[in-house]
Amino acid sequence: MIQNANPQAEPILTVRNLTTRFRTDRGLVTAVDDVSFDIVAGETVGIVGESGCGKTVTSKSIMRLLPEHVTRIDPRSRIMFRGNNLATASEKTMREVRGDQIAMIFQEPMTSLNPVFQIGWQIEEALKYHTNLNRAQRRQRAIEMLRLVEIPNPERRVREYPHQLSGGMRQRVMIAIALCCEPDILIADEPTTALDVTIQAQILNLMEGLKRKLNTAIVLITHNLGVVAQVCDRVLVMYAGRVIESGTVHDIFHRPQHPYTQALLESIPKRGKREHGKRLPTIPGIVPSLHELPPGCRFAERCRYKQEKCVNEEPELLESGDGRSYRCFFPLTQAPVAPTVEGR
Amino acid sequence: MSLLQVRNLVKHFPVRGGVLNRIVGHVHAVNDVSFDVSKGETLGIVGESGCGKSTLGKMLIRLIEPTSGSIHYEGKDITSLSHSDLMPFRRTMQIIFQDPYSSLNPRLTVRSLLKEAIAFHGIVPRAEMDDYITELIRRVGLRRDAADKFPHEFSGGQRQRIGIARALVTKPEFIVADEPVSALDVSIQAQVLNLLMDLKDEFGLTLVFISHDLKVIQHFCDRVMVMYLGHAVETLPCLDLDEQVQHAYSKALLGANPIDDPDQRRPLTILQGDVPSPFHMPAGCPFTGRCPDVVDRCRAEMPPIIERGDGHRIACWVANEEAAQPAAPAKSIG
């Protein structure tokens, strides 16, 4: 579990023991294993990890957007939001929550927008379901939303189709759709991964501004540690379906407890003369397959500090009292790690 | 002496339209790009999607035919060599693609796809082929049994290692690496970058490394060429890039990249607007529409490339005038 930065504030979303399994040709796999966290209003929580670590499945489980015929959310999982347990809520309840109270944006804005409808229509669709506004008011609101996400000429753009917009503009339209009902929580799944770095900066800036204006809580799912350092308050690090460490963004970057977090931070190319052209520290090997998880710590095989205990026994997620937690028998509690980047 | 000399390279792709499918215009993918690559050097090419960096990379090894301009390799003009005359260069010049899955034949095992190139170019005698392949596979960090597997049996990082082995199999001197680590996770990216670094030393390779990630280029390359809308707007050494960078677009690329440290948060550089379409090129400097320092002259005239010494070349009216000011304070420029 991870505690929020402000213990007085009541969390708006409480996830406990979230476990999601998939039926596959090779048997049942547990893609998300016993994940717990809280979110309070106005904060940004990052979920980081490499492909297949379960970060997207976590977010889609919260939204219940996974295909039901192959997915099972363990009945002991609890996703508490406004007194409802979303893990077991009816589809009717979910429809009220989705888009209105919890909204989501995806990595690929082109495939998430409907190519045959004007973008105005797609914003108005959400308003039609979740508000009592009439048609003219909805159009007015759609234009306002496009203006809010800084799309030029919103009166004209509202009648355009997705293919007429650039990648960055499409992602802004996605954000407009997500925010038009002023949700309590915005889940952003790799919102800038497909975008160029200058467009990424625009989108991150926009999300920051909107968070401040609307006090929306943001769950940011990404593999880009730079983006996490720039916008997140707290971070969950996932590995092979498990949360292996969590804490404030400062602690995660400067005092990582888990060897995986440390290794991940080290493997980013560094700017500056000191590191130029040097070999990068790497993590040997690859992530274990969810079909063949080791009995011990899931990172043990690649861990430079591994001991016999790590191979045979899986560590519990331990809380260290200061709002941090980690899943390791031998946490890196020594002196703070030096800053990872030379100043620019 | 430079291994590769590129002069005024241009690529225009025709755009067809209308009922008669006539050519209605041209996409200006690469516009008048010139540069040299010295032997043993790694030149990075950075830019955003659609800036022409991949087109340029493919032109260097004649996978795309240039519209005009010239490419000299070891002093020999290869721009218009015929198919058969180009063959020896096909051996010495290789390419690594971004997505090794779509660039490897899914029906061939690793061994057979490597064998193809060995046999075609006659790299080693038939009897030594298997030993050569085993050694190469070991060298790129794959297990011995990898040779008899198919591409789909590997993870992304392993596939990229096969892509690298495929490029190395002909014993090349020059390799274009087109976004070789962009599709990989951070920890795997580091593994592949290290491998490239080692192989470069071991085989004495000269590399052109194309990426949209300035941080990777800064770490890995000797020099970087920044491209915008088909133009090379600035070229400079990577070592002190942060201090030396001059062009407003290069600065924006640096400033838009978040720093991997929450204690060094700063406002990200925000450029207004999107990249203009290469179908309708602006008359003057291509960056005019988004440049924070734009002056009237930028809109009217394309800035020339000015050599600043130490391999720093820049095409920008504002930066050029600033540089000229201290030397000739009384004289007006223009």
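**Note on the predicted two-chain model**

1. Start with a parallel pair in chain B. Strands β7 (residues 174-178) and β8 (residues 206-211) of chain B run parallel and are joined by five bridges. Two strands count as paired if DSSP finds at least two bridges between them. Helices (H or I, at least four residues) and strands (E, at least two) are DSSP runs, numbered from the N terminus. Within this pair, F174(B) sits opposite T206(B) of β8(B).

2. Conventions come next. This is a predicted model, in which local features need pLDDT of at least 70, side-chain atom pairs count only at pLDDT 80 or more, and totals for chains, interfaces and linings use all residues. Residues are numbered from 1 along each chain as its sequence is written, while chains are lettered from A and ligands numbered from 1 in the order in which they are written.

3. The pair belongs to an open sheet. Eight strands of chain B make it up, in the order β6-β7-β8-β3-β9-β10-β12-β11, with mixed pairing. Contact here requires C-beta atoms, placed from the backbone, to lie within 7 Å.

4. Now helix α7 of chain B. It covers residues 186-203, 18 residues in number, and reaches 26 Å from its first C-alpha to its last. That is close to the 26 Å expected at 1.5 Å a residue; the expected span is 1.5 Å times one less than the number of residues. Just after α7(B), G204(B) takes a positive phi of about 60°.

5. Burial in α7(B) deserves a look. A residue is buried if 20 or more other C-beta atoms lie within 10 Å of its own, exposed if 12 or fewer, and partly exposed in between, with C-beta atoms placed from the backbone. The buried residues of α7(B) include V186(B), I188(B), V192(B), L195(B) and L196(B). Polar S187(B), Q189(B) and Q191(B) are also among them. The cover over these buried residues includes α6 (156-168), β7 and α8 (214-220) of chain B, together with α11 (259-266) of chain A.

6. The chains meet over an interface. In it, 41 residues of chain A are in contact with 38 residues of chain B. On the chain A side, α8 (197-214), α9 (225-231), α10 (249-254) and α11 each give two or more residues. The largest share, seven residues, comes from α8(A).

7. Chain A as a whole has 12 helices and 13 strands. Its radius of gyration is 21 Å, close to the 20 Å that the globule rule gives for 344 residues, so chain A is as compact as a globular protein of that length. The radius is taken over C-alpha atoms, and the rule is 2.2 Å times the number of residues to the power 0.38. Among contacts between residues at least 6 apart in sequence, 65% join residues at least 24 apart.

8. Strand β1 (residues 13-24) of chain A has several partners. With β2 (residues 27-39) of chain A it pairs antiparallel over nine bridges, and a hairpin of two residues joins them. L13(A) has I39(A) as its bridge partner in β2(A). With β5 (residues 78-81) of chain A, β1(A) forms four antiparallel bridges, and R16(A) partners R78(A) there. With β4 (residues 71-73) of chain A, there are three antiparallel bridges; T20(A) stands opposite I73(A).

9. Two backbone points to check. Most residues other than glycine have a negative phi. E182(A) has a positive phi near 50°, in the loop between α7 (167-179) and β8 (185-189) of chain A. N21(B) has a positive phi of about 55°, in the loop between β1 (2-17) and β2 (22-38) of chain B. E182(A) is partly exposed, with 14 other C-beta atoms within 10 Å, whereas N21(B) is exposed, with 8.

10. Last, confidence. The model scores ipTM 0.86 and pTM 0.88. Chain B averages a pLDDT of 90 (the predictor's confidence in each residue, from 0 to 100), and 97% of its residues score at least 70. Residues 327-334 of chain B stay under 50.

How values were computed:
Two residues are in contact if their C-beta atoms, placed from the backbone, lie within 7 Å.
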